[in-house]
Every structure is written in structure tokens, then in C-alpha cells.
Amino acid sequence: MKLATGTTVIANGTLLDGNGGPPVRDAALIVRDGRIAYAGPHRGVPSVEPDAARIDARGGTIMPGLVEAHFHPTYFNVAALEDLDIKYPVEYVTLLAAANCKLALECGYTSARSGGSLFNIDVWLKKAIESDVCPGPRLSASGREICGVGGLMDWNPDFRKIGMEGLVLLVNGPDEARSAVRKLVKDGVEWVKTYPTGDAAAPDTNDHHTLCMTFEEMHAVVQTAHNHKMKVTGHCRATEGIKNALRAGYDAIEHGTFIDDEGLELLLKRDVPCVPALYFELASVERGKEFKLSQRVIDGHKETLEGGAESARRILQTGGRLGMGGDYGFGWNPHGDYARELTFFVKYVGLSPLEVLTCATRTGAEIMGRADEFGTLEEGKLADVLVVDGDVLADISALEDRSRFIAVMQGGVVKAGLVK
Ligand SMILES: [Zn+2]
């Protein structure tokens, strides 16, 4: 991705650097050749060239670009899980995924970690975005997801003669798990996404269902992935499934819904980050009827919502790390609504806006393994910056309103916002 050339001064705003420290009022940020040259109080600004570009933050907020830590670019706002792999051909899903990436960038998300993709679409989107072929967040790719036969993502009975080949690699036993990971190596993914447990969305394997994958399969995935320098994460809701994943050596946990004391201890011991993705559950409860979800499924989402909120609070309070990602791409939580996750964590889960913003920037970059490049506004890092007309700490929902974005900057280049 090309970096900007020249100097830009962003001034007249409150600086949130992403590290969680107190905001700096009347701050300035200087970008030189795509990287941050200064971030701090306006009175300390070094002198710049007279022809430097200037962006007036209008008394608003200057903060790091957001990181969507559980992004499904190929989920095309489906009304039912079953539609994911059968409704459109791969060619069309690729176009929809490219549009979702453009939208995410316009929403202030300058980076994103894929939580699973149809085929290798996210791998190639990542290459296309890095080569400036199309706009989007800097991506970490996952490619196809891995699930045990008969597990959460294997929902079509055999008589239908429809597998889930586009979305998942179905495995039976550790040998098949190993060969699935080896396939992903060749495809070029960074994060191996697995399905150790069930979900309220699928009544046959509900959110307390632990054995969508066995411990042996999960362990084989981790060993093989780590041998190839890939990381492993998994959809972990059920108590035992979370612990199995942590014991197997997972590098991150998605959801962590019903984590118990022992699971929390395992998580904290290795400082494994968790991405709860919870607004999805609220949206499923509030809008489920509209999309013909059964009462049983809606009740399951309600239980997941409450359990997940409690677990997320405990993880953060005990010193664990949370990433902010939302599983967007279903009819009731469509792409573009990403920042609703952040408002939800303030209003429903009870975290402070500053805590949520740190999770959504620095922790997101840490999860992507790129915290030395972006995620905070510090000298030398890439100028991935969001300038918002509004006090984001006073009202975090300002991040849901793109009409208030003065600039969305990636490597110092303004990619979206009012000044573009
Ligand atoms: Zn997901």
C-alpha cells in the first residue's frame, strides 16, 4: 500500500493515542511521508514546511484508525446461515466482499482481521488492497474455516448433496485436521479459523455444544499451524470447548461466551486475547423475528448475550485483552454497522469509552501481530488515523455516523471523509 508523500498537520482536536491514557486536549498530529512524526499537545509542535497540508479537526477527536478484529468480508448480509455457501457463485461473492472492504474503510476501519472467508477470497483481497487495486482495511486473512463433520458449520444433511466446500474444510480426526491446515498454508492464510463449539444460531449444535471438534483435532490444528508460523483461533462458546482450545494452544478465542474460572485462568496465563463479537447477539434478539428466526434460536441468543457480556467484563477486569469485532454480514447486523459493537460495549456491557477504544485500536493491532506498525498514534508508526467531528469519549456512538468523519487516513493518504 503506497504511503503518502509530504507533510500533513492535523490540529484543533483532542488526541486519543490508542494506549488508553488520558486525552490530550488542543493537540496536533504531524504526518510525514505516511508516518507519524509528532503526536501531542499543540504547543509542542515542531515547525513544519510552509506548504504542509492542513486538516482542521474542528474541536473533534484525532484517534487511531479502528481495527475490526472479527471481520467476514464474504458474508453478504445473508438472512440465513445456510445461504452463505449456496446462494451466489464465488465470482459474485468476491465482488460483494470487495464492496464490504471498501465500506469498512469508509467506516473508519483501517485494518481488519478476517474471521473466516469463502474460498480464499480474503487472501486475494488482502493482496489487492496491499497493491492499491481496491480500497479496504489492511487485512489478516483466514481463508476457509475448519470444522468437524457434523459440527456447527456442517448443516446440510447428506441427501441434499450440498457440502459447505466454499466456506469450511470438514475434518474427521487429527489426520484430516492436519491436512486441512496444510491446504491453508498453500493458500496463504495467516489465521486458521476453527469451530470447536456450537452456537445458538444452529439449534442442533447449540451454544453449550462442546464437541464440534475433538481436543485431538484441535491440537493437531495448532501443532501444524504453528509449524508453519500460522496462528489459530476458534469459535468458542461452550465452557469445555473454550478450555479445550486454550489447552490445545490456541492463539486467540472468538466469543469466549461461557468461560468459567478455570478457563479464565488458562486464558490469562498465556495472555490469549478474546474477541466477544456481542452486538450480533443483541441484534439477533431484537430483529430475529423480522428474519424468521425461531423463538428457540432467539432465546439461545439471549442467553449468549447475557453470558457473553458477563464473560467479557470478567476478562477485561482481570487483566485480559479484548478485541472489538462484530461478525457483521447477516441481515440483522449488516456490514457498515461495525461501530455499533463499540457503543454496545459502553452501553450494555458497561466498559468505559476509553477502554473500548483501546480494545478497538491497540489490542486489535496486537491481535493482528502488527502492533509495531499501527493501532496507536506514536512517532514512527503508519499514519492510520481517524479524525471525527465530535467528542468520541463523551459519545462513542459518534463513530457510527460516517457523515461526521473528517478524514479516514491510511499510511497518511486520506481515503475517505469530508476532506477527501
Ligand atoms: Zn464469525
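Biologist: Which elements do the buried residues of helix 7 pack against?

Modeller: The buried residues of helix 7 pack against helix 8 and helix 9 (340-347). Keep in mind that this is a predicted model. Helix 7 covers residues 279-287, and its buried residues are Tyr279, Phe280, Glu281, Leu282, Ala283 and Ser284.

Biologist: How does one read the direction of side chains on a helix?

Modeller: An α-helix has 3.6 residues a turn, so residues three or four places apart point the same way. In helix 7 the buried residues include Tyr279 and Ala283.

Biologist: How many residues does the largest nonpolar core have, and which of them have the most contacts inside it?

Modeller: The largest nonpolar core has 104 residues. Those with the most contacts inside it are Ile146, Leu322, Leu342, Phe345 and Leu399. Helix 8 (residues 295-317) supplies the largest share of this core, 7 residues. At least three residues of the core come from each of domain 1 (7-65 + 375-416) and domain 2 (66-367). Another core, of 16 residues, lies apart from it, with Ala27, Leu29, Ala57 and Met409 among them.

Biologist: Take Leu399. Leaving aside neighbours within four places in sequence, which residues is Leu399 in contact with?

Modeller: With those neighbours left aside, Leu399 is in contact with Met63, Ala339, Leu342, Leu357, Leu386, Val388, Val392 and Phe405.

Biologist: Now a strand. Why is strand 11 described as largely enclosed by the rest of the structure?

Modeller: A residue is called buried when its relative accessible area is under 20%. Strand 11 (residues 191-195) is largely enclosed because 5 of its 5 residues are buried. Both faces are covered, with Trp191, Lys193 and Tyr195 on one side and Val192 and Thr194 on the other.

Biologist: Which strands pair with strand 11, and over how many bridges?

Modeller: Strand 9 (residues 145-148) runs parallel to strand 11 and is joined to it by 2 bridges. Here Cys147 stands opposite Tyr195. Strand 12 (residues 231-236) also pairs with strand 11 in the parallel sense, over 4 bridges. In that pairing Trp191 stands opposite Lys231.

Biologist: Last, the metal. What are the protein donors of the zinc ion?

Modeller: The donors are His70 (NE2), His72 (NE2) and Asp327 (OD), lying 2.1 Å from the zinc ion. Their spacing in sequence is H-x1-H-x254-D.

Biologist: Are His70 and His72 buried or exposed?

Modeller: His70 is buried, with a relative accessible area of 1%. His72 is buried too, and its relative accessible area is 1%.

Conventions
Residues are numbered from 1 along each chain as its sequence is written. This is a predicted model: local features need pLDDT of at least 70, side-chain atom pairs count only at pLDDT 80 or more; totals for chains, interfaces and linings use all residues. Side-chain values use heavy atoms; hydrogens and water are left out. Donors are N, O and S atoms within 2.8 Å of the metal (3.2 Å for Na, K and Ca); water is not among the atoms, so sites may look incomplete. Buried means under 20% relative accessible area, exposed over 50%, partly exposed in between (1.4 Å probe, protein chains only). A nonpolar core is a set of buried Ala, Val, Leu, Ile, Met, Phe, Trp, Tyr and Cys residues joined through side-chain atoms within 4.5 Å. Domain bounds come from an automatic or database domain assignment. Contact means heavy atoms within 4.5 Å. Two strands pair if DSSP finds at least two bridges between them.
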